[in-house]
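Me: I've got a model to go through. Can you walk me through the parts I ask about?

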Amino acid sequence: MNKRSLILTAVAVLAILVFAVPMACGDSGSISRSDIQQIVQSELANNPAPVDQGGSREQVEQIVRETMAEETDSASMGAAVSVPRKSTPEDYTRHFVNKAIDMYESEGLDATLAYYNTRESMDGPWYVFIFDADDNIIAHAADPSLVIGPASNAIGPNGFPAGEAVAAAADEDGEWFAYTYPNPATGAIETKHSWMVRHDGLLFGSGWYERGPRKSDPPAYTQSFVKQAVNLYDAVGLEDTLAYYNRTESVDGQWYIFIIDENDTMLAHAANPDLVNRPASYAVGPNGYPAGEAVTAVADEDGAWFSYTFPNPATGGAETKHSWMARHDGLTFGSGWYERGPSKSDAPAYTKSFVQQALNLYDALGLDAAMEYYGSQESVDGQWYVFIVDENGYTIAHPNPMFVGRDPSLRIDADGYFYGDDLMSATETGRWVDYVLVNPETGDDRQKHTWAVLHDGYIFASGWYE
């Protein structure tokens with residue numbers, strides 16, 4: 001059944017159902033054929049699964065009946081505004097919570113708890129949770145085991161303190177809080193958006209779910225992971241946030257949160273507790289690469305990526321880490337995902353990666369820091385090292401001091417070939433320059449393949465020998 005046929009069928013079915021509904025509300029509660037078509041089109045647009053799966057008449061009738069139930073309920077209560085659609089989950093969630101508050105006001109606490117602790121009170125993924133004045137859970141139909149326990153017993157994946165955060169975020173005007181939590185309608189761990197209202201000393205809340213990014217999409221998952229850390233901080237404050245993210249329980253495979261304060265001190269790092277309360281500069285990658293300093297420098301309020309090699313806690317190996325950092329309230333919140341970069345057995349790819357990491361460092365910390373690091377022996381990785389050349393051809397950074405400031409005209413290889421022109425003709429996309437030099441590891445003459453990239457007026461280069 002195509003979508004047009006489905007809509008026409010739905011209109012016809014809904015028209016029949018409209019006339020079957022008792023006219024308890026008089027003409028003012030009736031729905032026109034135009035209204036019917038708009039309702040069905042809206043529902044189908046926001047619930048495309050039946051169409052994609054072939055859409056049966058029974059599925060159409062289910063959509064229609066739910067719509068009629070909402071309209072009839074709204075009209076019978078004399079509501080000035082119709083019940084929000086589930087296709088606008090934020091509005092529907094607020095309505096769902098308000099209904100619970102209205103019941104409390106009209107029927108009292110005992111009746112309200114009796115109802116909202118039953119499965120009948122649940123509407124798909126929607127259920128109402130209620131906390132008392134001491135933030136003990138007194139209603140939770142989706143997980144009765146939580147009832148009569150403290151809010152801290154409601155935890156998400158990796159021990160995330162969802163209940164505590166919800167209790168801390170709620171106020172009399174209502175607040176949203178987003179986190180990952182089991183969806184009772186699907187059984188899956190999804191992103192939950194909870195709306196909480198403090199009323200008469202109690203907390204009334206409910207939430208809607210959406211399928212958040214999966215680990216198969218690591219950039220999006222990383223950003224979501226960092227956002228949840230920021231949300232937790234906003235809800236419970238710094239002390240409780242650090243307490244959670246300094247526990248190994250908070251580590252999710254290769255993902256963990258690091259938090260750095262405005263003085264560049266590491267406040268949280270569950271993967272390496274030795275870094276906590278030390279300067280960010282203590283976080284170094286292989287060959288002393290100043291990862292911590294670069295990460296701190298790159299972060300801003302809009303968020304930024306920075307790639308470098310760093311130990312992967314899930315594998316124990318040094319891999320390419322892509323970190324997402326966001327500054328919030330003077331703090332830097334970050335996390336990252338790893339991928340296995342090129343190995344030294346693939347010398348051309350490894351060389352390009354080595355140079356790219358130098359460009360990243362320059363972009364993060366500037367020329368002076370790049371010159372300082374790549375002018376040190378610590379930066380040398382076997383036969384790989386980076387040298388930096390200025391616009392006049394002079395070498396301004398090299399781990400061997402005797403080459404720094406050398407006259408460009410002396411770039412002649414062991415065979416008498418002047419390779420300086422080739423080096424200086426490097427472009428922003430990079431080029432290979434081949435020449436013969438003494439291999440620093442073996443002491444004999446070998447051909448060197450150098451990858452040179454023009455970046456911001458400087459040439460960054462490294463190479464391998466054969």
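Me: Start with the open sheet of five strands. What order are the strands in?
Reply: The order is β7-β6-β10-β9-β8, with antiparallel pairing. Strands here are DSSP E runs of at least two residues and helices are H or I runs of at least four, numbered from the N terminus; two strands pair if DSSP finds at least two bridges between them. This is a predicted model, where local features need pLDDT of at least 70, side-chain atom pairs count only at pLDDT 80 or more, and totals for chains, interfaces and linings use all residues. Residues are numbered from 1 along each chain as its sequence is written, and side-chain values use heavy atoms, with hydrogens and water left out.

Me: Which strands stand at the edges?
Reply: β7 (266-269) and β8 (304-311). Each has a single partner strand, so one side of each is left without a neighbour in the sheet.

Me: And the twist, what does it average?
Reply: 25 degrees from one strand to the next. Axes are lines fitted to C-alpha atoms, for helices over the stretch in contact, and angles run from 0 to 180 degrees between N-to-C directions.

Me: How many bridges join β9 to β10?
Reply: Nine, with β9 (residues 318-328) and β10 (residues 331-339) running antiparallel. T320, for instance, has E339 in β10 as its bridge partner.

Me: Which strands does α8 lie across?
Reply: β8, β9 and β10, and α8 runs at about 155 degrees to β10. Helix α9 lies across β6 (258-260), β7 and β10, at about 45 degrees to β7.

Me: At what angle do α8 and α9 cross?
Reply: Roughly 140 degrees, with the axes of α8 (residues 218-236) and α9 (residues 238-245) coming within 7 Å. That makes α8 oblique to α9. Under 35 degrees counts as roughly parallel, over 145 as roughly antiparallel, 65 to 115 as roughly perpendicular, and the rest as oblique.

Me: Which residues meet there?
Reply: Q228, A229, L232, Y233 and V236 from α8, and L238, D240, T241, Y244 and Y245 from α9. The residues of this contact divide into seven nonpolar, two polar and one charged. Contact means heavy atoms within 4.5 Å. Ala, Val, Leu, Ile, Met, Phe, Trp, Tyr, Cys and Pro count as nonpolar, Asp, Glu, Lys and Arg as charged, and the others, Gly among them, as polar.

Me: Changing topic. Is β4 largely enclosed or left open, and why?
Reply: Strand β4 (residues 189-199) is largely enclosed by the rest of the structure, because eight of its 11 residues are buried. Buried means under 20% relative accessible area, exposed over 50%, and partly exposed in between, using a 1.4 Å probe and protein chains only.

Me: What does β4 pair with?
Reply: Eight bridges join β3 (residues 175-182) to β4, and the two run antiparallel. F177 has S194 in β4 as its bridge partner. Nine bridges join β4 to β5, also antiparallel, and H199 stands opposite L202 in β5.

Me: Which residues take a positive phi in those hairpins?
Reply: In the hairpin of β3 and β4, with six residues between the strands, G187 has a positive phi near 80 degrees. In the hairpin of β4 and β5, with two residues between the strands, D200 has one near 55 degrees.

Me: Now α6. Which of its residues are buried?
Reply: T112, L113 and Y116, in a helix covering residues 109-116. They span an arc of only 95 degrees around the axis, which puts them on the same side of α6; the arc is that of the directions from the helix axis to the C-beta atoms. The face turned away from the buried side carries the exposed residues D110 and A114.

Me: What covers the buried ones?
Reply: The cover includes α5 (89-107), β1 (129-131), β2 and β5 (202-210). The axes of α5 and α6 come within 7 Å and cross at roughly 140 degrees, which makes α5 oblique to α6. K99, A100, M103, Y104 and E107 of α5 make the contact with L109, A111, T112, Y115 and Y116 of α6.

Me: And H140, is that buried or exposed?
Reply: H140 counts as buried, at 5% relative accessibility. H140 lies in strand β2 (residues 137-140). Leaving out residues up to four places away in sequence, H140 touches Y116, N117, Y127, V128, F129, L146, V147 and Y181.
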